[in-house]
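Reader: Please take a close look at one of the chains and at how it packs. Give me cut-offs with the terms.

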Amino acid sequence: MSREDEVTDGSERSPWVLAVVLLGGLVFGFGLALSEMAKPEVVLDFLQLEDLGLVFVMGGAAIVSGLSFFVATRYLDRAPVTGTRYSRRLKDLDRNVVGGGAVFGVGWGISGICPGAAYASLGIGNLPILWGVAGMVLGAYTQGYWRSRD
Amino acid sequence: MAGALVAVDLFPRGIAQYLAGGLLVGLGAAIIYFGTGIIAGASTFLESTLSYVSDVSRFNRGKYVRSRDWRVVFTVGIVAGAAVYTLVSGSGAWTTDVQWWRLLGGGVLVGVGTRVGKGCTSGHGVCGVGSLSNASLVNVVTFLGVAIGTAQLVQAVGVSP
């Protein structure tokens, strides 16, 4: 059984899962707005090396998630809402990871937006971000259509 | 004294809001993880949501169809959480000056790249790095390096904002 198929019993759709995810999403989005990462200008300032503050956004978030993974996988067994066994996020390192990362990097460097920050940007009232969201959906559709042909 | 000057140079807006925001982003992911065991990322939503309206086989893989509901809820939560911040802080609605074609064109590449690369700033950058995953560390180093180069190039040819 592959790691990604851990949850297979439909429990991902239970109302309790959706409630916990909503709460987590609210905190996640609040944090993105507070961190100003929801503003493409701030991201572009970072990428132009004029304000390196975003290091603390990604670093702070990774430290909290890293501690969570460490505590849960070492001291806890299964998640209370789903019964899923705790695991870390491990994916196979292949050429797609590098190639996809490079394409994402070009897009991030041009626009200053990434998926989560773009959703949060809509929440701070930034309607023009819908251009970016439309582009991301179009890009996701294009690669999915292309990769499904054979 | 020299150290303070360097700090002002590197962090002209200070670091408090960046660190506090980042810790909350991590807390949001941790709430979902401790409660459900789910390791959330923001970019899979772009594909899994297409399964509601598209027959394309990639979007209708079991793991997307099973997770598409909570991924919609996660995204709605992110939008709403940011809206709550805007209301609570009294900062008012904010609109970008970055040109529409940069958002659209860059967005297309972000959509392709995050899905081919198996994750984005949250999946690889926050959860994958937090997992000390080799794939995620390689992905983050790649997209950070390429994005810095690209942004410098765009700035150098005089595109602003």
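Author: In chain B, 45% of the contacts with a separation of 6 or more join residues 24 or more positions apart. A contact here means two C-beta atoms, placed from the backbone, within 7 Å. This is a predicted model, in which local features need pLDDT of at least 70 and side-chain atom pairs count only at pLDDT 80 or more, while totals for chains, interfaces and linings use all residues. Residues are numbered from 1 along each chain as its sequence is written, chains are lettered from A and ligands numbered from 1 in the order in which they are written.

Chain B has seven helices and zero strands. Both kinds of element are DSSP runs numbered from the N terminus: H or I over at least four residues for helices, E over at least two for strands. The C-alpha atoms of chain B occupy a box of roughly 60 × 40 × 40 Å along the principal axes. Of the 161 residues in chain B, 55% are buried. Buried means 20 or more other C-beta atoms within 10 Å of the residue's own; exposed means 12 or fewer, and partly exposed lies in between, with C-beta atoms placed from the backbone.

Now the helix pair. Helix α6 (residues 121–130) of chain B packs on helix α7 (residues 134–156) of chain B at an angle of about 140 degrees, and the axes lie 8 Å apart. Axes are lines fitted to C-alpha atoms, for helices over the stretch in contact; angles run from 0 to 180 degrees between N-to-C directions. On the α6(B) side, H124(B), G125(B), G128(B) and V129(B) make the contact. On the α7(B) side, A135(B), S136(B), L137(B), N139(B) and V140(B) do. By class this contact has four nonpolar, five polar and no charged residues. Nonpolar covers Ala, Val, Leu, Ile, Met, Phe, Trp, Tyr, Cys and Pro; charged covers Asp, Glu, Lys and Arg; the others, Gly among them, are polar.

Next, the partner chain. In the interface, 109 residues of chain B are in contact with 113 residues of chain A. α2(B) gives the most to the chain B side, with 20 residues. That side divides into 59 nonpolar, 40 polar and 10 charged residues.

Two residues of chain B show the packing. V108(B) sits in helix α5 of chain B. V108(B) is buried because 25 other C-beta atoms lie within 10 Å. Residues up to four places away in sequence aside, V108(B) touches G107(A), G135(A), L138(A) and G139(A). A29(B) is among the residues with the most contacts inside the largest nonpolar core, which has 94 residues. Such a core is a set of buried Ala, Val, Leu, Ile, Met, Phe, Trp, Tyr and Cys residues joined through C-beta atoms within 7 Å. Neighbours within four places in sequence aside, A29(B) contacts G24(A), F28(A), S65(A), A40(B), V126(B) and C127(B).

From the chain A side, look at helix α6 (residues 129–147) of chain A. Its buried residues include W131(A), G135(A), M136(A) and G139(A). Their cover includes α4 (95–111) and α5 (115–123) of chain A, together with α3 (44–48) and α5 (100–116) of chain B. Chain A itself has six helices and zero strands. Buried residues make up 58% of its 150 residues.

Conventions
Expected span 1.5 Å × (residues − 1).
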